[in-house]
Amino acid sequence: MQILELLSMSDFLSKKYQALGTVIELSLLRAEGLASVEKLDQAYEKIVHYEDLFTVHREHSELMEVNKAAGVKAVSLSKEVYTLTQKAIRVSQEHFGFNASIGPLAKLWHIGFADARVPSDLEIQEALCLTNPDGISFDEQEKAIFLPEKGMSLDLGGIAKGYIADKIAEFWREQGFCTGMINLGGNLRFLGKPLNRQWRVGVRNPLEKDKSLVLQVLTSSSSSVTSGIDQRYLEREGKTYHHILNPETGYPHANNLASVTVFSDTSLDGEIEAKRLFFAENPEEVFLKNRSVIRGAVLISKDRKIKILGMKPKDVRVMDKGFVLKN
């Protein structure tokens, strides 16, 4: 996904960073007079702080302490980590595809990392026995979480970026900023609007590696989140395996969708709803049921068809003639 704001980039003070396994870009409107590299760096430091809390790709983090104690004891957490983890597990218990307890499967495939591989069917079946979120328990008073089976592990990779983006927008608002952009690689969070107009967002081609744009969308939403098969993948023996694992089968989810982009008021909601639509047998029906949260959506299929939900035709411009708008 790419931001194509209605102002030129020279109107923003921007800086790029590396965190959360992706390139991050933070931007603040210069005209407000408060923008400075120091303020961008402060926001980045907060991102790093949250990554330290939620990561499962390092030996130590609050979340890793929960995973290490699986089948042994409950672990008390800080308020922020407990709140997000509980939210992720509650959503997982809806069984629509998102699963915060998918850790054993994610680690098995490890798509996006140097040691990624295609596991055996036996390994996948064994991992599936450890991915049921229904038995995970909470202690509200102690802010503690207990994983009932040894070997279970939580992975908030499918929800943490949205939470962090919302927290940075909140931080900037508290600092007095009115207009800014947070780009966490496939996850965009906007603060305010450029000159009180709409943001223009480019949705990239999920079927090609050149990151060309398929279409542009004008939106007044505060967040744009994309889940797609091109974000992380593994190529082995002529086959491509994307990173969106189905917690029911243990394999990358098989359907005709290549990417789903959700426009919403918060990035946390966008993360959840993008996955809900990606896994849905009937995305349009799911969209209508969750209309209060999903302000709009773009569905791009592997056969190069585009479905637009909840947005006016005048706000969508197809840029790649190889794709067709579907009614």
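Which residue in E3 is the bridge partner of Gln18? I looked it up, and the partner is Val23.

**Ground rules**

I am working on a predicted model, where local features need pLDDT of at least 70, side-chain atom pairs count only at pLDDT 80 or more, and totals for chains, interfaces and linings use all residues. Residues are numbered from 1 along each chain as its sequence is written, and side-chain values use heavy atoms, with hydrogens and water left out. I take helices (H or I, at least four residues) and strands (E, at least two) as DSSP runs, numbered from the N terminus.

**Entry: strand E3**

I started with the neighbours of E3. Two strands count as paired if DSSP finds at least two bridges between them. Strand E2 (residues 12–19) pairs with E3 in the antiparallel sense, over 8 bridges. The two form a hairpin with 2 residues between them. In the turn, Leu20 has a positive phi of about 55°. E3 also pairs with strand E7 (residues 180–183), again antiparallel, over 4 bridges. There, Leu28 stands opposite Gly180.

Next I checked burial. I call a residue buried under 20% relative accessible area, exposed over 50%, and partly exposed in between (1.4 Å probe, protein chains only).

**Entry: helix H3**

Does the span of H3 agree or disagree with its residue count? I took the expected span as 1.5 Å times one less than the number of residues. H3 (residues 79–92) has 14 residues and should span 20 Å; its end C-alpha atoms are 20 Å apart, so the two agree.

I then listed its buried residues: Val81, Tyr82, Leu84, Thr85, Gln86, Ala88, Ile89, Val91 and Ser92. What covers them includes helices H1 (37–54), H2 (62–68), H6 (160–174) and H7 (267–279). Strands E5 (137–139) and E6 (144–146) are also among the cover.

**Entry: H1 against H6**

I looked at how these two helices pack. Axes are lines fitted to C-alpha atoms, for helices over the stretch in contact, and angles run from 0 to 180 degrees between N-to-C directions. H1 and H6 pack at about 145°, with their axes 10 Å apart. For contact I used heavy atoms within 4.5 Å. From H1 the contact residues include Leu40, Ala43, Ile47, Tyr50 and Phe54. From H6 they include Tyr163, Ile164, Ile168, Phe171 and Trp172.

**Entry: salt bridges**

I counted a salt bridge when a side-chain nitrogen of Lys or Arg is within 4 Å of a carboxyl oxygen of Asp or Glu. How many does a search of the whole structure find? It finds 17.

Arg189 and Asp166 meet at 2.7 Å, N to O. Arg189 lies in strand E8 (residues 187–191) and Asp166 in helix H6, so the pair ties together parts that are 23 residues apart in sequence. Arg189 and Asp166 are both buried.

Lys307 and Glu284 meet at 3.9 Å, N to O. This pair links strand E16 (residues 305–309) with helix H8 (residues 283–289), and the partners are 23 residues apart. Lys307 is buried at 12% relative accessible area. Glu284 is partly exposed at 38%. I also noted a network: salt bridges that share partners join Glu51, Asp52 and Arg58.

Arg117 and Glu123 meet at 2.8 Å, N to O. Arg117 is partly exposed at 34% relative accessibility. Glu123 is partly exposed at 25%.
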